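The notes are grouped by topic.

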Amino acid sequence: MYRFAPSPTGDMHIGNLRAAIFNYICSLQEKSDFILRIEDTDTQRNIDGKEDEILDILAKFGIKPAQIYIQSKNLKFHRQLASKLLIDGKAFACFCTEEELQAKKEAAKKAGVAYRYDGTCEHLSNQEVLNNEKAFVIRMKKPKSAMSFTDAIKGELSFEPDAIDSFVIMRANKTPTYNFACAVDDMLEGVTFIIRGEDHVSNTPKQDLIREGLGYTGKMNYAHLPIILNEEGKKMSKRDDASSVKWMLSYGLMPEAIANYLVLLGNKTPCEIFSLDEAAKWFDISKISRSPAKFDMNMLKHINREHIKIASDERICELFEVSKDKVELVKFYTQESSLIPEIKEKINKIFSPKIAPDEYKNEFALIKEKLLSLKTCDSFDEFKSELMKATNLKGKNFFMPLRALLTNDLHGPELKELYPLIKDKLKEIVL
């Protein structure tokens, strides 16, 4: 069982989408379920509409969860299981105030040592706990020995007890922390393999410790994906436009191309252009590089161009908002551009009212007049010859105004290559 567990805040980051895609591909390979869990336990955030937005983005990439979970609906289980850990002595009530903890952190900083919880409340008697009316959090007792796990990408990883520490699992307001809610939910929902960003590596032993404390014996597998660097070699952040999936889609990139590129990133694949279904035939999560992957927009544009070329007629009509008779025209213009809006603009200019260039106004008018009365020509060479005879124009005085008349532009692809795609619509185009 694989899962994608985003927080419903902000635009989806491409790192999150990459994790979703990898989880989905692996679920296809194993013929197991892929679930979506909205991690909304932080009630301070505005999440209205975010669930639908996440589902809509996943749908654009052909990803449909078998089941959708809302984390906050599991709150009663979080509280019950936190209580169980308390009763079983695997966790303890901590009455330390934020001010007290902050003072200890400052002291550790001045001493030049890493702060670790000093166990002030860990050994309180039951009576001392019951008689204390102060608000408290629940802390997990740190492990007595190192916690280890095998990462499908990074290999064997081990964490000493002090690195894990006695961490908080339940806040004073009786809501779970990220690690506790995540560990419990993965256990309850039957997740068996977690693919996520490497920023969660240090959370993994904590989550394993929680499940171990609850007596869970199911095997959990992990793969932590290296970060994505921007084109300057720095960690990609919200300040990078391309970090937002919504931005990339609005920029004019096909979901198929984005998915293709994210699978290629930091990976050795048997081919460059493929669909997710095709990737499921050979994808191997263990082959992902351990090093950060550098984002390359030019490479992504190239992949986008190739996906436009191989897209079905129906897909072209949907993305470019054109009729079927203009599909080949769309694919023709991939030699000029790789982005959907740019290609749409070029095609719209062909079928919009034409503006005569100032330096060729007379020639433009003459060519238009003669073209409208010209017989239909099968080849561009015949068309050019007949039109030159009719206008007595040649060279730049012929080709520049002709290009403007046909494409509304003075620059572009070879007219000889364009002509077969528009010859049956010439009268419509020049009127």
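**Nonpolar cores**

F383 is in contact (heavy atoms within 4.5 Å) with L371, L374, C377, L402, Y419 and L426, leaving aside its neighbours within four places in sequence. The model is predicted: local features need pLDDT of at least 70, side-chain atom pairs count only at pLDDT 80 or more, and totals for chains, interfaces and linings use all residues. Residues are numbered from 1 along each chain as its sequence is written, and side-chain values use heavy atoms, with hydrogens and water left out.

- A nonpolar core is a set of buried Ala, Val, Leu, Ile, Met, Phe, Trp, Tyr and Cys residues joined through side-chain atoms within 4.5 Å; buried means under 20% relative accessible area, exposed over 50%, and partly exposed in between (1.4 Å probe, protein chains only).
- The largest such core has 91 residues, of which I21, I285, F295 and F383 touch the most other members.
- Helix α1 (residues 14-30) gives the most to this core, with nine residues.
- A second, separate core of 27 residues includes M170, F180, I194 and M220.

**Helix α10**

- Helices are DSSP runs (H or I, at least four residues), numbered from the N terminus.
- Nine of the 10 residues of helix α10 (residues 255-264) are buried, among them P255, N260 and Y261.
- G266, with a positive phi near 65°, follows α10.

**K104 and its surroundings**

- K104 lies in helix α4 (residues 98-111) and counts as partly exposed because its relative accessibility is 28%.
- Beyond its neighbours within four places in sequence, K104 is in contact with Y115, D118 and T120.

Notes: Helix = DSSP H or I, 4+ residues; strand = E, 2+ residues; numbered from the N terminus.
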